[in-house]
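Please study the sequence and the structure before reading the solutions.

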2 protein chains.
Amino acid sequence: MGVRQAQKQQSRRALLDAGLHLLEHQNLSSLGMREVTREAGMSPAGFYRHFRDLAELGVALVEESLASLHGMIRAALAEKGDAEELIDRTVELIAGHVAGHRAHVRFLARERHGGVQPVREAIAAELARFADEVARALGAQPESAGWSGADVRMLAELYVDHMVATAVAFLDADGPAAERRIARTACTQLRLISVGRRHWRDA
Amino acid sequence: MGVRQAQKQQSRRALLDAGLHLLEHQNLSSLGMREVTREAGMSPAGFYRHFRDLAELGVALVEESLASLHGMIRAALAEKGDAEELIDRTVELIAGHVAGHRAHVRFLARERHGGVQPVREAIAAELARFADEVARALGAQPESAGWSGADVRMLAELYVDHMVATAVAFLDADGPAAERRIARTACTQLRLISVGRRHWRDA
DNA sequence: CAAGTCGGCAAACAGTTGTTTACTGAATGA
DNA sequence: TCATTCAGTAAACAACTGTTTGCCGACTTG
């Protein structure tokens, strides 16, 4: 890649980072582009060399944020061990992801139900695909023998929703004590679901 | 109450309704007060006779929205019957609440993680109190014999989170078919949790 | 080295914003 | 009835918004 394209991508990154930084304390729909370019150290008009809209920048941030989250999910699904261990490791993975990608997670939580339609839709679509992926992994486990496809799918949705809720809870933990409390709660809830799963056929 | 105060409260209502209406398609932090007063048929300066801020209007809307949700929760907790029936009735209650209070529910979903701190805090505090209330009700049930207070509390949190998630899902259902699918999923998930609860002690 | 591509800038545009000011006129209460 | 209170108004304020224009100068290509 030439020097030109490299410099351009560097500016693009500056815009994305500026946006991400500003979005830590406000909403995408209340973000101004002058604000973004100012934070990125660029003139207002320069913005248009990279994005048509602020919504377009938003969608780019969604892709970034969900890509990192996707990596975490695949890591969680790849874990091996008995149910108890697996739950603990998953919650640790979530905590680690939040610690390492605060801005991304906060952005997703904010805009998942935010005021910018294309962004909302992009998030919803990708989360649905995550649920598909989890459902596929669950279906391959021996514990799912005799489960209908629809039931596996609803279990996967429950897991994904719970994961997102847990990540958000970690987000506004205001200390290590609060973090541990959230982790314990999440583990217990997952254990409850796991127990329900084992005894599903009895009901 | 005198004619004066009645007229004032009517104007206040107009402002709240205007805000609620505009917030159906945008975020609180992107809302302008000129926009609100225009929608309410009032001059910009008149706003200050009722609220200091837009954040203050937001908090007022939070109180309204959570009051109606609170009513729904109390209704759900008051239901009697076996577990299966109870689950179905609860999900129906949620669906009915969303149908009757779309704007309120959408507002809560948007601003729960939105960019306006006092509003966010008001929602979080009230949802925590709802979890307390649910925990108290669960603790009084015979099924909770032998459960620790902390475990009951985490179960209550799971229920509240799930209720909110279900309400939001109903919100962007785009037809009766989608609504039924969401209701079925929610019921199945609740049944799974219920099974887990019954077999909790075995683990 | 020359011609062309193109990322970034400064300036200007018309609109819109939140907030303050002094005011009007109807409800209030002695 | 007459003075007072006060919800709502119109006008003006500086500050900011998104977008377009023409231009410069560093990179690229031949």
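Helices (H or I, at least four residues) and strands (E, at least two) are DSSP runs, numbered from the N terminus. This is a predicted model, in which local features need pLDDT of at least 70, side-chain atom pairs count only at pLDDT 80 or more, and totals for chains, interfaces and linings use all residues. Residues are numbered from 1 along each chain as its sequence is written, and side-chain values use heavy atoms, with hydrogens and water left out.

**Exercise 1.** Determine which element gives the largest share of the surface near DNA strand C.

**Solution.** Step 2: α1(A) gives the largest share, four residues.

**Exercise 2.** Identify the atom of DNA strand C that a polar side-chain atom of A:R49 approaches.

**Solution.** Step 1: a polar contact here is a pair of N or O atoms within 3.5 Å.

**Exercise 3.** Classify the aromatic pair of A:F47 and A:Y48.

**Solution.** Step 1: rings of Phe, Tyr and Trp (its six-membered ring) pair if their centres lie within 6.5 Å; planes under 30 degrees apart count as stacked, over 60 as edge-to-face and the rest as tilted. Step 2: the centres are 6.0 Å apart and the planes stand at 85°, so the pair of A:F47 and A:Y48 is edge-to-face. Step 3: A:F47 and A:F51, at 5.7 Å and 45°, form a tilted pair. Step 4: A:F47, A:Y48 and A:F51 form one aromatic cluster.

Technical notes:
Chains are lettered from A and ligands numbered from 1 in the order in which they are written. A polar contact is a pair of N or O atoms within 3.5 Å; within protein, one must be able to donate a hydrogen and the other to accept it, and residues adjacent in sequence count only if both atoms are side-chain atoms.
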